[in-house]
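Hi,

Here is the structure I promised to pass on. Have a look at it first, and then read on for what turned up.

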Amino acid sequence: MTESDRPVVLRNGLVLTMDDSHTVLTDADVLVVGDRIAEVGHGLTAPDGALEIDAGGGIIMPGMVDTHRHMWQTAMRGYGADWTLTQYFVWYYLESGKLFRPEDVHAGNLLGAIEAVDSGVTTTVDWSHGLQTIDHADAAVDALEAVPGRFVLAYGNIQQGPWQWSTTPEFRDFHARRIDGGKLAGFQLAFDVPGDPAFQEKAAFEVARDLGVTVTTHAGVWGATNDDGIRLMYENGFMTPGTVYVHAATLSSDSYHRIAATGGSVSVSTESEQSAGQGYPPTWMLRKHDIPVSLSMDTSVWWSGDLFSAMRSTLSADRSREHLEAHGAKETITHHHLRAEQVVDWATRGGAKALGMDSEIGAITPGRKADVVLIKNDDSPAMSPVLHPYGHVVYQAQRGDVHTVLVGGKVVKTDGKLVGVDLAAARAKVGSTVDYLRETMGEDLWQRGMNPEIPESRILHNPYQYTK
Ligand SMILES: [Zn+2]
């Protein structure tokens with residue numbers, strides 16, 4: 001028996017199963033045999049030689065699912081902290097995105113993938129829109145395959161129209177070589193529909209249909225994509241089940257109805273929407289239209305790739321909006337509609353459903369793939385008492401409290417440390433990319449990119465005088 005196929009039993013944890021009835025078990029065990037969850041219950045008998053992990057005082061939950069992350073941008077971690085969406089577009093789409101070589105995409109993906117599994121995100125959609133050439137795409141896949149997590153490649157290329165890159169023989173060849181029978185968890189086509197009546201994107205939708213894969217699209221992004229794009233997709237029959245609409249923050253009720261009626265879902269990136277300007281985080285509208293939700297972190301050029309931030313900000317933004325709307329009508333919200341339990345669902349089951357993977361992942365039930373997270377930190381004063389387990393995950397826990405992560409039964413992190421992952425190598429590669437970009441851009445451009453000008457603020461005239 002090798003270390004990787006050794007059974008694992010997590011003992012005496014509080015288990016958020018996220019099964020159909022959201023069963024919560026206290027002082028319970030989770031037994032993993034091979035790549036699957038074998039049993040969940042009390043006082044389980046584990047096979048000889050099983051690895052025992054003490055989950056006492058901790059919370060066991062399914063691995064989280066991030067449905068939209070531009071992992072190649074991880075090489076520029078934090079660089080755009082003060083950006084707006086406009087500055088992001090100028091930097092990546094118009095000016096500097098072209099500078100990224102295959103090895104730079106590889107470096108960002110490698111660090112981004114490690115960052116995901118470290119924070120308990122066991123499945124991530126790599127919304128990879130920096131694939132200027134097939135060499136870039138191969139480099140992206142090489143990195144994802146080198147990290148023991150589940151990754152869906154959402155193939156995109158912001159340097160061309162989707163009708164151009166998706167219709168080449170090289171693209172088909174790449175799909176045949178790397179995706180069909182490959183190691184990735186899935187494949188999507190990633191492109192946007194800005195609403196040009198010529199609807200050239202049609203060709204890319206047809207490629208997706210041909211390959212039997214879904215499309216993920218930034219839709220309802222202020223100033224970029226809007227109701228026209230949704231209408232074109234609808235009228236041409238491309239709003240199909242499984243389509244993932246990212247942000248969906250500035251759409252009309254009519255567009256939301258279309259998404260709901262055609263079996264789509266929305267990937268909400270609350271931290272991104274709040275800061276970059278796609279529109280107000282839309283869960284308060286999505287709830288009204290009964291649209292399924294998953295969560296995402298978008299890009300590490302601003303934020304980090306952990307879903308604790310997504311759950312926390314999403315719950316707070318929804319409540320913030322609910323209060324604001326009520327105050328506008330001189331009313332008071334006495335009971336919140338959105339609960340912590342629901343956002344934990346969105347971070348786990350919601351993501352699995354959005355990707356059509358919910359029969360395999362997203363819950364801790366016997367027979368599912370063993371993607372399991374243990375949140376436990378005996379050194380943290382914020383980890384006790386655990387009274388409201390969903391609330392604890394959302395508002396108290398954080399990525400540093402991720403004690404153990406299993407992906408397909410394989411231990412990839414335990415005791416708070418990654419296992420079998422070469423973080424130093426990933427760091428070195430990202431370091432080389434940063435050196436290369438900084439040198440190529442020149443120090444002035446590099447600094448100006450990171451530190452955008454602040455518009456002048458007008459201070460209001462104060463009619464009051466301070467007197468003793
Ligand atoms: Zn995005």
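Where does UniProt place the feature "domain: Amidohydrolase-related"? The record, an unreviewed entry, puts it at residues 59-412. Before going further, please keep in mind that this is a predicted model. Over residues 59-412 the chain is 40% helix and 17% strand, and the end C-alpha atoms of that stretch are 17 Å apart.

Eight strands form an open sheet, in the order 6-7-8-9-10-11-12-13, and the pairing is parallel. Strand 6 (64-69) and strand 13 (293-295) stand at the edges with a single partner strand each, so one side of each has no neighbour in the sheet. On average, and ignoring direction, neighbouring strands here are turned by 25° against each other.

Helix 2 touches strand 6, strand 7 (121-128) and strand 8 (150-155), and its direction makes about 150° with that of strand 7. Helix 5 (residues 169-179) touches strand 8 and strand 9 (186-190); the angle between the directions of helix 5 and strand 9 is about 155°.

While you are at helix 2 (residues 102-118), click on Ala 116, which lies in it. Is Ala 116 buried or exposed? Ala 116 has a relative accessible area of 1%, and buried means under 20%, so Ala 116 is buried. Not counting residues up to four places away in sequence, Ala 116 touches Arg 69, Val 121, Thr 124 and Gly 305. Ala 116 and Ser 304 are 188 residues apart in sequence, yet 9.0 Å apart in space, C-alpha to C-alpha.

With 30% relative accessibility, Ala 260 counts as partly exposed. Leaving aside neighbours within four places in sequence, Ala 260 is in contact with His 289, Asp 290 and Ile 291. Ala 260 and Val 32 are 228 residues apart in sequence, and here the C-alpha atoms are 36 Å apart in space.

Strand 14 (residues 372-375) and strand 15 run antiparallel and are joined by four bridges, with Leu 374 opposite Thr 404 in strand 15. Strand 15 also runs antiparallel to strand 16 (residues 410-414), through three bridges. There, Val 411 in strand 16 is the bridge partner of Leu 406. Strand 15 and strand 16 form a hairpin with two residues between them, and Gly 408 in the turn has a positive phi of about 55°. How many residues of strand 15 (residues 402-407) are buried? Six of its six are, so the strand is mostly covered.

The axes of helix 12 (residues 340-354) and helix 13 (residues 389-396) come within 8 Å and cross at roughly 70°. That makes the two helices roughly perpendicular to each other. Helix 12 brings Ala 340, Glu 341, Val 343 and Val 344 to the contact, and helix 13 brings Tyr 390, Gly 391, Val 393 and Val 394. Sorted by type, the residues of this contact are six nonpolar, one polar and one charged.

Most residues other than glycine have a negative phi, and most peptide bonds are trans. Which bond is cis, with omega near -5°? It is the peptide bond from Ser 384 to Pro 385, and Pro 385 lies in the loop between strand 14 and helix 13. Asn 12, found in strand 1 (residues 8-16), has a positive phi near 60°. At 40% relative accessibility, Asn 12 counts as partly exposed. Asp 27 in strand 2 (residues 24-33) has a positive phi as well, near 50°. Asp 27 is exposed, with a relative accessible area of 51%.

Over to you, and enjoy browsing!

Cheers

Technical notes: Residues are numbered from 1 along each chain as its sequence is written. This is a predicted model: local features need pLDDT of at least 70, side-chain atom pairs count only at pLDDT 80 or more; totals for chains, interfaces and linings use all residues. Side-chain values use heavy atoms; hydrogens and water are left out. UniProt positions are given in the numbering used here, feature names are shortened, and annotations may be inferred rather than shown by experiment. Buried means under 20% relative accessible area, exposed over 50%, partly exposed in between (1.4 Å probe, protein chains only). Two strands pair if DSSP finds at least two bridges between them. Axes are lines fitted to C-alpha atoms, for helices over the stretch in contact, and angles run from 0 to 180 degrees between N-to-C directions. Angles under 35 degrees count as roughly parallel, over 145 as roughly antiparallel, 65 to 115 as roughly perpendicular and the rest as oblique. Contact means heavy atoms within 4.5 Å. Ala, Val, Leu, Ile, Met, Phe, Trp, Tyr, Cys and Pro count as nonpolar, Asp, Glu, Lys and Arg as charged, and the others, Gly among them, as polar.
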